[in-house]
Every structure is written in C-alpha cells, then in structure tokens.
Amino acid sequence: MTTIAGMAQTAPGTSIVIETDHTSLVLTVGDQQRLYQTYLGQRLSPVDQSRLPVSTQQAYVPSGLDNLFEPAIRMVHNDGNPSLELRYKSHKTDALAQGQIHTAIELRDPKYPVEVTLHFSAYPAEDLIKTWMEVRHHEKKPVVLSRFASAMLHFEAPHYWLTQFHGDWAEEVRQQEAELTSGIKIIDSKLGSRAQMYQSPMFLLGLDKQATETTGDVLAGTLAWSGNFQFSFELDNRNALRMMAGMNPFASEYTLKPDEKFETPAFIFTYSHQGKGLASRNLHRWARQYGVLDGTKERLTLLNNWEATFFDFNEQKLDALIGDAGKLGVDLFLLDDGWFGNKYPRNTDSTSLGDWQVAKSKLPNGLGHLVQTATKAGVKFGIWIEPEMVNPKSELYAKHPDWILKLPNRPEHYYRQQLVLDLTNPKVQDFVYGVVDELFTSNPQLAYIKWDCNRMMTNAYSQYLGRDQSHLYIDYVRGLYKVFGRMRQKYPHVPMMLCSGGGGRADYGAMPYFTEFWLSDNTDAYERVFIQWGYSQFFPSIAMSAHVTSWNKQQSLKFRTDVAMMGRLGYDIRVEEMTADELTFSQQAVREYKRLSDVIWHGDLYRLASPYEGNRAVSMFVNPTQTQAVVFAYNLHLRTGEELGRVRLQGLDPARQYRVQEINLMPGAKSNLPENNQTYSGDYLMKVGVLASGPNPAALTSKVLELTAQ
Ligand code: DGJ
C-alpha cells in the first residue's frame, strides 16, 4: 500500500477527488468544515475541478440539525441528544494493488466523540467506485443508530429515469422504468433472508433522458448486501435528487457500544456517458476481477437432477442419471434436494432440513458410492444443501429449539414448511459451517456445492440476541458472511452456486464467496430471455447458472439450449427421454459451448435488441482481442414467427474481416442465413448488420452465429 496524499488536513474550499478513467466525484470542504458533493459525472480535468461552483449538497447528511430531507445517518447519543454534526477532519488516499485507489475521509462531531469515515475505492480501468461508511464513538455508554446509509449521492438534471428490477418466485428481475416525481421513491426489502425475492438491490438512473443501450448518462448502482436493503430517491423542491443506498433501517435500530465499529456494506456504482450497455460492461469487467469468486477462471458444465426427479430417487436412479451426465459430455453431476435425513427421510419438503446425514433408506451406500459412479462415468460430483434452515419435523428442531428464529408466545409461522436458523448465534454459525466442512471431510472428492435458501423471515425472534432484537436483520447477514468466509478460507476454490428459492439472493455481498448463482426456478426459455436480460445489467454471464430443462416442452430443445448457452450452461433434464437427434445435438452443443466458453464467460456483452421492445432479443459477446464473437438471436413471437430483420453488431474491430458461421444447428439442418459462411469487415457488420433470422421463421426459434476474425 503506497500513500499518495498521506493524512491531509484540507483547508475550506479544497477538494477531494475520487476518480476513474472516465468519471470524477468531487467532494469539497466548505462552510463550517462540512463536506459537500460538488460534482459527479464524466471525468473533469484538475483545472476544471478547481472552477466548480460552490455546492449546498452535503456529501453525507446527518440527522437532527438543519437538514430538511432524508438523512444519511441518524444517531441518538447516550445523553438522549438526537443530533449529529459532521465536520471534515482529515483524509487519506492510498494506491492499492492492481491500480485501485482508496480514499478514506474522516468526519468528526465537534461536541460528541463520534467519528464517521467515508470510504471510496476507485477502480480506474473498470470505471467503478465502491463506497461505504464506518462509524465509531467513545461516549461513556452506547449510542443508538437508526439510519446508516452506505452512500448518499446528489444529482441535478431536468429529469430522472429510474429502472428497477422487481419480481417474485419464478418471475425474477422484471425491468420497469419510470420518471421520478417529487417526493421519495423507495425500493427495499424487509424479508431478512431470501431478501431479494420481490425487489433486487440494483437500479439504473438515467439523467435527463431515458438512457438507451448506447446513449445517455446513466448511473448503475447496486448494494453488496444479502439482507434487507433500501434505495431511496428523493426529489426536492428544487428538482435536485438525493439518492441513498444501504441496509434497510426498518426495525433495525442498532445499539453501538463505545469503541465498537459499525461498518456498512458497500454501494457499488459506475457512471456511463454512453448508455446502459457500457455501464453493464464496466460492472461485468469489475465483477470478473473482484466481485465474483474466480470470475476470470473457468466453470463446470453440469447435469442437475432436480427437475428430472424432484425428491423421488434412489441409488439406482441416480447411478443412471450420473451415467447420462457422462453421455451428455458435461463436467459434473449435481445431486439436488432429497438426499438426507434418517429419522425423517427427506421425501417431501416438509421434513429433514437440519439433519444433514445421508438418508440410508434412499442411498444405502452413501455419497461415496455416487462419487465412485461419477468417477467411472468421467464426471465430477456435487451436492445441494440448505444449511440455514430447519423443518419442525427434524432431529435438529427437537435438539436445538433455541437455535431457531421464532417468536415467543406466538404460533410458529412456516413458509415451505420450514423455519430459519439463528445465524446471529456463533454456535449456529459453527453448525452451518460444520455442514459444509463435514461434507468435504467425508467426501474429499466433492467438487461442487449448491447453497439454497428457500424462505424469508417472518415471526422472527432471536433467543441469542435477547433485548437487542433490532440487530437481527443486520447480524443475521453478518453471521452468514462469517460462515461464508470460514468456508472459503478452508475451501477457497471449490465452485459453488448460490441459490435462494430461485433468484432470492444475487448480490455482490455474497458473490465474492460463490462462483455462480441460480437466477430463477423458472427455466422456461422464453421467460428466461427476460430474466437473463435483467440480471445481465449487473452480472457477467460467467456468474449466471442457466440450465436446459423440460419446463416447457413446447419449445424446441435448440431454443432452450441456445438460451442456456448465454450463461454457465447446465442441464436439468431427463437425458433418457431425448430422441437420438436431440442427444446428438446436445452433445454437440456441450462441445461447442466449451469451445466458445472463453468468449461467453470473459468477453464483453453487447445487448443489441431488447425483448422489452419487440418480439426479438439479440445479444453478442466479443473477446477482448476482438478476434472472436458469438451472437445469440431469439425470435420471441409466441405464435406466428416473425422475421427478425437486420441487427447491427457492436464491439468488433472495424478494420478486421470476420467470417460468419451459424452454429448449434440440429443434425441435418442447414443454415438459411444469407450471411452464413461469408466474410465481412467489422465495419460492415456494425453499420449494415446481419439478419437475425432467415425467412419465415417459426415461433420461438433462435440462431447462434460465430464470428471469427480472418
Ligand atoms: C429451490 C431451488 O431454487 C431449486 O433449484 C431446488 O434446488 C429446490 N429449491 C430444492 O428444494
């Protein structure tokens, strides 16, 4: 770590600049030594930074003094005084590894011994800024925090367009865009666990005009937190916008002891002057490097048994399925829910969570036998767990009622017939960590874990927290991260999928511990196009598990496969029901996917045609050296099939020649695209484009084109 500026005392009027290659955030010390946000936007030269007008927008507004709108932080001191004054004390800028620059700005209350530090990590090449807050005090008794934003940002534009992502089980991340009006718009979650079931902690904010994929000023922001979150957008009397992001203060007053540190999760944002597409590519590049475990490495293709068997399996059935994984050519077989419980074997979702011993009735020879079968079939073996949960019908429930979140004097409230374990309790953290550790210790060849979480919190009360119940939502997630941290210390690189009843948990708080996440239980390929489109705004394809299933058999296997190939390809299908052609096609698709996976996992994504704007969706990936690209084009007309027209490509080298080839065709099928096997300049492909379908396509059909520089 090299100190660039060292600990600096800044005189009023001087600025602290947080910048990336194309963005500047300028904070200036102003009257009363308060810190103001003077600029956020495209990068400014130092000369222009020094000419910025005086701002009245305090960078991180405390509650209780002259503030008239939503505060970033609220504290009640131990003497009952409900106000906080934050004055600039000092700042420090350090150059970290890989070009990151970290700035810490210390603010102090002149009357009370309270310190607030605003942290900013700038990733210049990725054009991304990560910011969070830390507070501590040295009062004689505890203080109470009731607001604790990770970030506050101010904007001044004639209009503000907010894109949010909302949904439900099997309908995750539906995109909605609307102009903000005066007052406060809040997007939040109060669900505790499986917190993102209805709203995702991510948004796009278009300034002045609605941003398109390639035009407009847009800020893309997301919170690195797997629990309750809150984004608020307050448009004031002067049409200025105050954005705040952080853990949801709902029911979460936090009692902070003297000298204890309270740190918020990070708010991660990128500012794009060229629309949403660039914002996503910035996020993807950052995520692969820093936000997702092993994001620059490889992934395993797999066959999962959930949709093929649900709970209904035995050793023989699994042996056959593992054989099918080998036949298909994927890397791993993933055994899903239903393999555990002896007093209560897990045959439905109403029993056994908590009893993580192999069900002898179903698998008499244990996991060892399945690992052996897998080894013989030339595939690896992975397993599903949901260790944060317990069913009332389980041995764990009987043994440790004090480990369960449930209200005294009230009936238990079930969701999927289960309850949540109290991860604020270190003993429960040990237990949950132990579930993973025991699996690896007894099965050293275990190569993959799917970590599920199928319910939110209701009627929640922690026996461990006693009188500090309002710490529950925050300390639960902190406890969970402690478990993830321990798990990764011992098993740093085993691939793991984060799942939460589908996409109830997909955020950059958890993803540094996981290699991929499950986007949705909805694997209907048509609906997946929308779901993948939504997540792709913030997450790179390498992190998105996408499986070919039989959820909707009306859709051709090719259509289903082409959609799943845009993520980390997997299958959750009965291979034995495939026709000979379908099997040949699938084996070929797995081979093609492996050949192209470097472009799909590590390339830049260009979204060319939105499913929200017509009956087609087209996206492409381009490798960093612009020598290889893959285009995925989907005809989304449900009944009649519609010619998709011409689509202009992006991200190619205009001076290079590219050979266009349609791939992923069913055995015997021939491409009907005029561009197939032709060579064009990148310039032509980006100005004139390619046809995204041949003539008279049927409903729900798709094309995959490979472009190779000559
Ligand atoms: C919910 C997950 O989203 C599914 O993929 C599957 O693992 C089930 N849970 C198992 O109970």
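## Basis

This is a predicted model, in which local features need pLDDT of at least 70, side-chain atom pairs count only at pLDDT 80 or more, and totals for chains, interfaces and linings use all residues. Residues are numbered from 1 along each chain as its sequence is written, and side-chain values use heavy atoms, with hydrogens and water left out.

Two packed helices are described by the angle between their axes and the distance between the axes. Helices are DSSP runs (H or I, at least four residues), numbered from the N terminus. Axes are lines fitted to C-alpha atoms over the stretch in contact, and angles run from 0 to 180 degrees between N-to-C directions.

Helix α4 spans residues 315-328 and helix α5 spans residues 366-377. Their axes come within 9 Å and cross at roughly 30°. That makes α4 roughly parallel to α5 (angles under 35 degrees count as such). The crossing of α4 and α5 is right-handed (the near helix is turned clockwise from the far one by less than a right angle).

In α4, Glu 315, Leu 318, Asp 319, Ile 322, Gly 323 and Gly 326 make the contact (heavy atoms within 4.5 Å). They meet Gly 366, His 369, Leu 370, Thr 373, Ala 374 and Ala 377 in α5. By class, this contact has five nonpolar, five polar and two charged residues; Gly counts as polar.

## Helices α9 and α10

The axes of α9 (residues 525-536) and α10 (residues 557-564) come within 9 Å and cross at roughly 15°. The two helices are therefore roughly parallel to each other. Their crossing is left-handed.

Ala 525, Tyr 526, Arg 528, Val 529 and Gln 532 of α9 touch Phe 559, Arg 560 and Val 563 of α10. Five residues in this contact are nonpolar, one is polar and two are charged.

## Ligand

Around the ligand there are 13 residues (a heavy atom within 4 Å). Asp 336, Asp 337, Lys 450, Asp 452 and Asp 521 come nearest.

Asp 452 also has a polar side-chain atom 2.7 Å from a ligand nitrogen atom. For Asn 454, a polar side-chain atom lies 3.4 Å from a ligand nitrogen atom. Trp 384 places a polar side-chain atom 3.1 Å from a ligand oxygen atom.

Note on methods:
Parallel < 35°, antiparallel > 145°, perpendicular 65-115°, else oblique. Polar contact = N/O pair within 3.5 Å; in protein donor to acceptor, adjacent residues only side chain to side chain.
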